[in-house]
Amino acid sequence: MIVEDVLVNDSSIYLVTGNSWHFYQGYNLSIKGVNQEADSVWLELSLGNKILKTQVLGEGNNFTYQKNNRTILNITVNTIYAGDGEELVTFAPVFQYMDVELPAPIIPEDEIDDEQNNSLIDDISIGTNQIEGFTLVTAIPVSIIAAVLISILGKKSN
């Protein structure tokens, strides 16, 4: 595999049920559902409006999509979190390889420069899958402040 063919290299992503992760070249990975009893997740890969593959996987299982004997996506289900009506699934490692039959993606220069540092924080700070500029680094302190304020306001109203 030529290094230039690697679009996403050993990255980590997370998804909530019903949401999609938008990969390069128009590929989308969606969580259709989580089975808490079986500790499994139902994944769907699409390109545009066309469903390419669906599969039910457990933690540690791989979701691989190949086209013409060439791997396009190789994703490992890392952890499935379920409870209180919400499900979150983390995937690591995540690899995407160039689909030579589709136009080459335009990758922003800062992503190429930061190729060595492709952690979860980098992935969600890109802005294509989450609120632009609202990263995990921002979300954690905001969540803590909100929890403290709720706690303080809850005590004052009693």
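The model is predicted, and residue numbers count from 1 along the chain.

**Charged pairs**

Side chains of opposite charge can pair when their charged atoms come close. A search of the whole structure turns up four salt bridges.

| Pair | N to O distance |
|---|---|
| D5 and R70 | 3.0 Å |
| K32 and E44 | 4.0 Å |
| E101 and K67 | 3.4 Å |

Let's start with D5 and R70, whose side chains meet in a salt bridge. This pair links distant parts of the chain: D5 sits in the segment before β1, R70 belongs to strand β7, and 65 residues separate them. Is D5 buried or exposed? D5 is buried, because its relative accessible area is 15%, which is under the 20% cut-off. R70, at 23% relative accessibility, counts as partly exposed.

Next come K32 and E44, which also form a salt bridge. K32 is in strand β3 and E44 in strand β4, twelve residues apart. K32 is partly exposed, with 41% relative accessibility, whereas E44 has 13% and therefore counts as buried.

The E101 and K67 pair joins the loop between β8 and α1 to strand β6, so parts that are 34 residues apart in sequence are tied together. E101 counts as partly exposed, because its relative accessibility is 49%. There is a further member to look for here: K67, D99 and E101 are linked in a network of salt bridges.

**Backbone spots to look at**

Most residues other than glycine have a negative phi, and most peptide bonds are trans. D39 has a positive phi, near 50°, and lies in the loop between β3 and β4. N68 has a positive phi as well, near 55°, and is found in the loop between β6 and β7. D39 is partly exposed, since its relative accessible area is 33%, while N68 counts as exposed at 58%.

Where can you find a cis peptide bond? Look at the step from A92 to P93, where omega is near -5°. P93 is part of strand β8, which covers residues 86-97.

Note on methods
Predicted model: local features only at pLDDT ≥ 70, side-chain atom pairs only at ≥ 80, totals over all residues. Heavy atoms only, no water. Buried < 20%, exposed > 50% of the residue type's maximum accessible area, 1.4 Å probe, protein only. Helix = DSSP H or I, 4+ residues; strand = E, 2+ residues; numbered from the N terminus.
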